[in-house]
Amino acid sequence: MSMILFWVAVLAISILLYVLLDGFDLGVGMLFGMTGDKERRSAMLSAVSPVWDGNETWLIVVGVVLWGAFPPVYATLLSAFYLPLMFMLAGLILRGVAFEFRARAEASRWVWDIAFAGGSFVATFVQGMTVGALVEGLPVANGQYAGGDFGWASPFAVLCGVGLCFGYALLGACWLVKKCEGDVRDEAYRLIPRLAIGLLAFLIVVFVYALIENLRVMDRWLERPVLLIFPVIGVIAIAVLAHSVRNRRDGLPFTMVALTFAAAFGTLAISFWPYMIPFSVTIDEAAAPHASLAFMFWGEGLFVFPLMLIYAAVSYAVFRGKVRPTEHY
Amino acid sequence: MDALALLLSRLQFAFTISFHIIFPSFTIGLAAWLTVLEALYLKTGRPAYRLVFEFWLKIFGVAFGMGVVSGVVMGFQFGTNWSAFAGKVGPIQGVLLSYETFTAFFLEASFFGILLFGRSRVPPWFYLFSTAMVALGTTLSAFWIMVNNSWMQVPVGYATVNGQYVPDDWATIIFSPVVWVRFPHMLLASYLTGASCVAGTGAWYLLRGEYHAEARIMLRMGLFLAAVLVPAQLFFGHLVGDYVHDKQPVKFAAIEGRWHDEQPASEVLIALPDEAAQTNHYAISVPILGSLIGSMSFTSKEVGLSDFPVQDRPPVAIPFFAFRVMVGCGLAMLFLAWYGSYLSVKERIGEKRWMLWAIFLGFPLPWIAILTGWFTAEVGRQPWAVYGVLRTAQALTPFLTAREAAISLVMFCAVYAFIFGFGIYYIYRLLRAGPAGGLIEPPVGAVPNRPMSVVHHHVTPTVPAGE
């Protein structure tokens, strides 16, 4: 049992790290598409280019931990979201190479600009939609997905896709405030309230929708009032965010939005508990046998995972501080 | 289960993994070669070694990036297209793949950064150590993949519990003798890929009359290395053949194009296998050689395909021809490596332009051998995903539709063609620019997790780089 909990924890940490880290650089990618200014674009790129690849690696970590430690979940979710995931992969590939090829291209630079912004948008939208479909509950029969090619598609899932675009863009704008100066920072400061209001409006709509549809996650919130701590943390974080934006405290907004995301993640995770695929497969049902989990634990879990966390921290420490607006990538 | 979805999924897997293997097979060899170059530079202090190192480091960066990007797809595909497989083998294969991600990624990401921009920040011995650690990372990656694939070829150390294959004995899985002949076979193939590209580039420069000193280092080191490695590779290839003979007799029969039992068995050198008639046309065979190759005996009985029910046989044509192409590439490499080394030692290789052309044009031989070798191993394993345990048809996502599979296959073809075109053009430009561009300055924008950034030189230093 303790092995199962350990791998649930590793999985949760990896997902949260992925959402926060790749979240901001996907967000910057979307904001990149909204400006045509060359100077701004290169400043935005240099704010994420040192770290985006490492951020994305957490997605692979999530994938392999799921497969090794919770095989039925890996098998069910990935096959259920077949088409969206394929488009997400295409988006991530195009966006990844755009970083590198853009600097080389001359006449065709616009191709990579589109690939960068478009890929970021597609990947974000798919991730939000996936979470939405999970909250609503995937059609599962006899331990197997039974929804067909488009079983994940619903107005609610699409709404969540749009919502996450607002969320990641907000993270991205806060990252730009943290890392940039001048024009880019000012523009990001102007965007933060709009994106935050957009995100808030989305959250309200989701809540109302969940009430009307009487989604099962709602029961969880009523059953476990302790869950309210997460929304409370979220509200406090949003308040501090508003304050820090007014006072131009460059470092704070990102931390606050990250905290909001962490609170939202905590709310979702505990709403689903003990289910991994809500509400059909529990953690215990999904876990691989002890021999698998223990083998993972005594090597990669105990030794390599902490090193990976330290390494990520060191990377960010190395690239701390502002990038200069003159910095061209 | 949709038969068309199955076919399209198999095509998609074959396409995406063939595309992917091109890059790691190159970078595994290149990382080892960079380590050797750096050690030589430290030992001798010759600037030419350093120039060659810096030059190949740039190419390494681009190829590494392409490998990373195409590798992400592989990690997802087992779940999307092969969910029945993923659910059943996850406790073994998912665990092995997670070890690959954790160990290899960690080493590569940590030390690749030092490789790219840490030369001025760390002592020379540590720089050499970092190079070796990157090489170790790529090697570990290959190791876990080979453990994984070898388990699919000859599943060992498992028990079946509730329809899932669960690990019974990890030591048996990891130290399976099959792993320890196939892993060196793959590793040698990767080293040969590196050697062949390096020698080919050297030959190209000599043909164009450029970068004489660097070109000679590339040519000689590439050829000498290949001269030693090709025979070793042929030996390990033979050992791989032995395991196939013992553990996968039906695959062995398909490779040999042997339809019926023979005693003593002849060896079909070349033929046109006819699956409908269960015979070979236009066959050129050598008597007794089949027994010799199969069992090291002049009299042994060798089994034919007809011993196995039709539904348990692999398709014959692909393993049969792929195997012969692989061996042909190996023999061609043996000739190039030995004759080239001989000419090189005699200082006469510059006079034999046809030989330089052959070495230059022969650079893709190891890649062709790797791809055809994998076709032999994987198609020959059919109709099984896990040999003798789980059929490929049962491995497919049960509800996958042909429409979904067709959309994703077309998408991958388009995206990969697009980025492959640009990537190759990019590497070509680097090769063409040559090593004479002087030592590259530490590319400050280059970071551990962004391998491809090494090729940009025009970055203004603004961030405190280095670790």
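How many salt bridges does the structure hold over all chains? The total is 19. The model is predicted, and every value here is computed from it.

Start with chain A. Its fold has 13 helices and 4 strands. The radius of gyration is 20 Å, which agrees with the value near 20 Å for a compact globule of 329 residues. Along the principal axes, the C-alpha atoms fill a box of roughly 55 × 45 × 35 Å. Of the residues in chain A, 58% count as buried. Take the contacts between residues at least 6 apart in sequence: 80% of them join residues at least 24 apart.

Now the surface and charge of chain A. The accessible surface is about 12800 Å², with 71% belonging to carbon and sulfur atoms. There are 21 positive and 23 negative side chains, and the centres of the two sets lie 10 Å apart.

Turn to chain B and B:Glu347. B:Glu347 is partly exposed at 45%. So are B:Arg216, at 33%, and B:Arg220, at 24%.

A local pair comes next. B:Arg381 bridges to B:Glu378 at 3.0 Å. Both lie in helix 12 (residues 365-381), 3 residues apart, so about one helical turn separates them. B:Arg381 counts as buried because its relative accessibility is 4%, under the 20% cut-off. Elsewhere, salt bridges with shared partners join A:Asp22, A:Asp25, A:Glu56 and A:Arg95 into one network.

How values were computed: Residues numbered from 1 in each chain as written. Chains lettered and ligands numbered in written order. Predicted model: local features only at pLDDT ≥ 70, side-chain atom pairs only at ≥ 80, totals over all residues. Heavy atoms only, no water. Helix = DSSP H or I, 4+ residues; strand = E, 2+ residues; numbered from the N terminus. Rg over C-alpha atoms; globule rule 2.2 N^0.38 Å. Buried < 20%, exposed > 50% of the residue type's maximum accessible area, 1.4 Å probe, protein only. Contact = heavy atoms within 4.5 Å. Areas by Shrake-Rupley, 256 points an atom, 1.4 Å probe, with all protein chains shown as cover. Lys, Arg positive; Asp, Glu negative; His and termini not counted. Charge placed at Lys NZ, Arg CZ, Asp CG, Glu CD. Salt bridge = Lys/Arg side-chain N within 4 Å of Asp/Glu carboxyl O.
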